Amino acid sequence: MMAGEGSAAKPRGGRLCTICNGRRAALKRPKTLEQICRECFYEVFEDEIHRVIVDNHLFKRGERVAIGASGGKDSTVLAYVLSELNNRHDYGLDLFLLSVDEGITGYRDDSLETVKRNEIQYGLPLKVVSYKELYGWTMDEIVKLIGLKNNCTFCGVFRRQALDRGATLLKVDKLVTGHNADDIAETVLLNILRGDIARLSRCTSITTGEDGPIPRCKPFKYTYEKEIVIYPYLNMLFTYAYFKKLDYFSTECIYSPNAYRGFAREFIKDLERIRPRAILDIIQSGEDFRISTFTKMPEQGNCERCGYISSQKWCKACVLLEGLNRGLPKMGIGRTRVLDNERDKDTRQTNGTKSIESKQCGTLDF
């Protein structure tokens, strides 16, 4: 869809921008509650992201950087802003768009058309990798076999590995994703609810995977979702994507209407209504989190089957694929006696590959 159709209404009361004090305010920033004009919003929005990039040394001149592009709001704004900042501040980066085709008819095929338009609009080369090519399965085929209850487990595991494989094909030095402050706050909460100490200890890091195939960066770590898109103010959508009239795809995945992350998202939005800084406070809590020296953490190694980084003999994707290919799609998800018996042979070979707990769609598997 083309965001930004219609004309913007004048702010109630004709208040002036608190930054330039010359133009009328167009929105109230959710993070600072400042009422600012459109032009100042562009400047502070982009400058904050630039400061995050510079202060955290996210890139080095000459690096090849892949932008995880789904066609959605976050990745579209990320591609646009990073391209603009790269030119304006002379980062010296070679930028690419990297998309994953999960094989979801009526959703991903449509969103990929948006990414292909972005390729032309921003002048960035595009690489698309698919589940079918990498794993021999599409999500449509997996859902037919597993149903809707645990399908997000497969998609999350496969997507993370597919992005790394695509980044390897592009021979890039870094992979950037559009995860925003809301996403990271949700992940902190989810990891607390799951008792996932390992992920809780690293989920707020702005760069992750430095010991893996390709380091991942999150330039939007402190950027509120409401400033990227869908911010209701005076019954209008006043956001960066709206003002810039960016071309993005807004439909949610048809297979994740009841994803666990959605409940955490609604809870955090409720907190934000009461206290706008709640999102940043949760992120800071995650940053300040420390693990006891007595806590045993999983050791990273490599999968014996595919070579991908893993803390077990087999990586999560290989365990799930083994179940699909053997007609046991719940292998690696549940802990049932039947599945344990079916896996006895593989368990002996892999010295006890642990089962994988179900995780819902959209999880930030850092």
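Colleague: Why is D74 called buried?

Modeller: In this predicted model, D74 has a relative accessible area of 14%, and because buried means under 20%, D74 is counted as buried.

Colleague: Where is D74 found, and which residues does D74 touch when those up to four places away in sequence are not counted?

Modeller: D74 is found in helix 2, which runs over residues 73–88, and, with residues up to four places away in sequence left aside, D74 touches G178, N180, D183, F220 and I228.

Colleague: What does UniProt list for "binding site"?

Modeller: The unreviewed UniProt entry lists G68, A69, S70, D74, V100, G178 and D183 under that heading; of these, D183 lies in helix 7 (residues 181–194), and D183 is buried, because its relative accessible area of 14% falls under the cut-off of 20%.

Colleague: What makes F263 count as exposed?

Modeller: F263, whose place is in helix 11 (residues 260–274), has a relative accessibility of 57%, and since exposed means over 50%, F263 counts as exposed. Together with L193 and Y260, F263 makes a nonpolar surface patch of about 330 Å².

Colleague: How do you know that the buried residues of helix 5 line one face of the helix?

Modeller: The buried residues of helix 5 (residues 139–146) are M139, D140, I142, V143 and I146; seen down the helix axis, they fall within an arc of 160 degrees, so they line one face. Among the elements that cover them are helix 4 (131–135), helix 6 (151–170) and helix 13 (316–325).

Note on methods
Residues are numbered from 1 along each chain as its sequence is written. This is a predicted model: local features need pLDDT of at least 70, side-chain atom pairs count only at pLDDT 80 or more; totals for chains, interfaces and linings use all residues. Side-chain values use heavy atoms; hydrogens and water are left out. Patches are made of residues with over 30% relative accessible area and no salt bridge: like charges are joined within 9 Å, nonpolar side chains (Val, Leu, Ile, Met, Phe, Trp, Tyr) within 5 Å. Accessible areas come from the Shrake-Rupley method with a 1.4 Å probe; for residues, only the protein chains shown count as cover. A salt bridge is a side-chain nitrogen of Lys or Arg within 4 Å of a carboxyl oxygen of Asp or Glu. Helices (H or I, at least four residues) and strands (E, at least two) are DSSP runs, numbered from the N terminus. Buried means under 20% relative accessible area, exposed over 50%, partly exposed in between (1.4 Å probe, protein chains only). The arc is that of the directions from the helix axis to the C-beta atoms. Contact means heavy atoms within 4.5 Å. UniProt positions are given in the numbering used here, feature names are shortened, and annotations may be inferred rather than shown by experiment.
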